[in-house]
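Subject: Structure handover

Hello,

Here is the structure I said I would pass on.

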Amino acid sequence: MIDRIKLVIQGVAEIVGSDDVSLITLTDEQQLKQLSVVCDKTTARQISMRIGKAPLTSIMLPEVLCRLMGDMDSEHFEVLINDLVDGQYRAMLIEKPTLKMTPIRVSDALLLAMVAGLDVYIVLTLMRRQAVDYKGDARGISIPVNTLSMKMLEEALDNAINDENYELASQLRDEMKRRR
């Protein structure tokens, strides 16, 4: 079995200056380390509704499908975040009885985990490489540069140059070159 750590969804945050991207914050169970996953605004809104326990969610598609499937629960399924490729985390939906793994977009996997009550794990080596210290009352969130999309990297590079932050600009340019 792969060494892994169980994660807990803590919340969703907007990225200042971005109209179409948000962050899902996850922590280890002890709330010592955090991981931020980029997602679209639609998924962020869906997750926020579940965090806020909006009554409308009981008749929404994910909840209805999970009820119809019957075995979509933590006894039969779990989510494993197992890689990071070109700034995007990769995840698998694992069917426990058969160990069948199905690739799934991370933000969708997190929404499904909330709806169905599934456990979410991350490969230990990935968590060690990507996690930052968790500060529950922090006003901002630190995210590793290797989790940004190319579009976000380009925008951040432009901002760093405009702010004359050449050290950050150099790091961003290096990450962009590494991906190309």
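The notes below go from the overall fold to the strands, then to the charged pairs and the surface.

Please keep in mind that this is a predicted model.

Overall fold

The protein chain has six helices and eight strands. Their order along the sequence is β-β-β-α-α-β-β-β-α-β-α-β-α-α. With a radius of gyration of 17 Å against the 16 Å that the globule rule gives for 180 residues, the protein chain is as compact as a globular protein of that length. Along the principal axes, its C-alpha atoms fill a box of roughly 55 × 40 × 30 Å.

Of the 180 residues, 41% count as buried. The protein chain exposes about 10,600 Å², and carbon and sulfur atoms supply 52% of that area. Among contacts with a separation of 6 or more, 52% are between residues 24 or more positions apart.

Strand β7 covers residues 119–123, and because five of its five residues are buried, the strand is largely enclosed by the rest of the structure.

Strand β1 (residues 4–14) pairs with β7 in the antiparallel sense over four bridges. Within β7, Val123 is the bridge partner of Arg4. Strand β4 (residues 77–85) also pairs with β7 over four bridges, but in the parallel sense. Here Leu80 has Tyr121 as its bridge partner in β7, and Ile81 stands opposite Ile122.

Strand β4 has a further pairing, with strand β5 (residues 88–95), which is antiparallel and runs over eight bridges. One of the facing pairs is Leu84 and Tyr89, the latter in β5. The hairpin of β4 and β5 has two residues between the strands, and Asp86 takes a positive phi near 50 degrees there.

Ser74 sits in the loop between α2 and β4. Its relative accessible area is 30%, and Ser74 is therefore partly exposed. How far apart in space are Ser74 and Asp119? The C-alpha to C-alpha distance is 6.2 Å, although the two are 45 residues apart in sequence. Leaving aside residues up to four places away in sequence, Ser74 touches Lys96, Ala116, Gly117 and Leu118.

Salt bridges

A search of the whole structure finds nine salt bridges. Three of them are described here, with the accessibility of each partner.

Lys33 forms a salt bridge with Asp133, and the closest N and O atoms are 2.6 Å apart. Lys33 lies in strand β3 (residues 33–40) and Asp133 in strand β8 (residues 132–133), so this pair ties together parts that are 100 residues apart in sequence. Both ends are partly exposed, Lys33 at 34% relative accessibility and Asp133 at 47%.

Lys96 forms a salt bridge with Glu78, with 3.9 Å between the closest N and O atoms. This pair links distant parts of the chain, since Lys96 is in the loop between β5 and β6 (100–105) and Glu78 is in strand β4, 18 residues apart. The 3.9 Å separation falls within the 4 Å cut-off for a salt bridge. Is Glu78 buried or exposed? Glu78 is buried, because its relative accessible area of 5% is under 20%. Lys96, at 28% relative accessibility, counts as partly exposed. Arg4, Glu78 and Lys96 are linked in a network of salt bridges. Arg4 is also the residue whose bridge partner in β7 is Val123.

Asp108 forms a salt bridge with Arg105, where the closest N and O atoms are 2.9 Å apart. Asp108 is partly exposed at 30% relative accessibility, and Arg105 is partly exposed at 43%.

A nonpolar surface patch

Leu61, Leu65 and Leu68 form a nonpolar patch on the surface, and together they have about 340 Å² of accessible area. Leu65 is in helix α2 (residues 61–69). At 42% relative accessibility, Leu65 counts as partly exposed.

Regards

Terms used
Residues numbered from 1 in each chain as written. Predicted model: local features only at pLDDT ≥ 70, side-chain atom pairs only at ≥ 80, totals over all residues. Heavy atoms only, no water. Patch = residues over 30% accessible without salt bridge, like charges linked within 9 Å, V, L, I, M, F, W, Y side chains within 5 Å. Areas by Shrake-Rupley, 256 points an atom, 1.4 Å probe, with all protein chains shown as cover. Salt bridge = Lys/Arg side-chain N within 4 Å of Asp/Glu carboxyl O. Buried < 20%, exposed > 50% of the residue type's maximum accessible area, 1.4 Å probe, protein only. Pairing = 2+ DSSP bridges. Rg over C-alpha atoms; globule rule 2.2 N^0.38 Å. Contact = heavy atoms within 4.5 Å.
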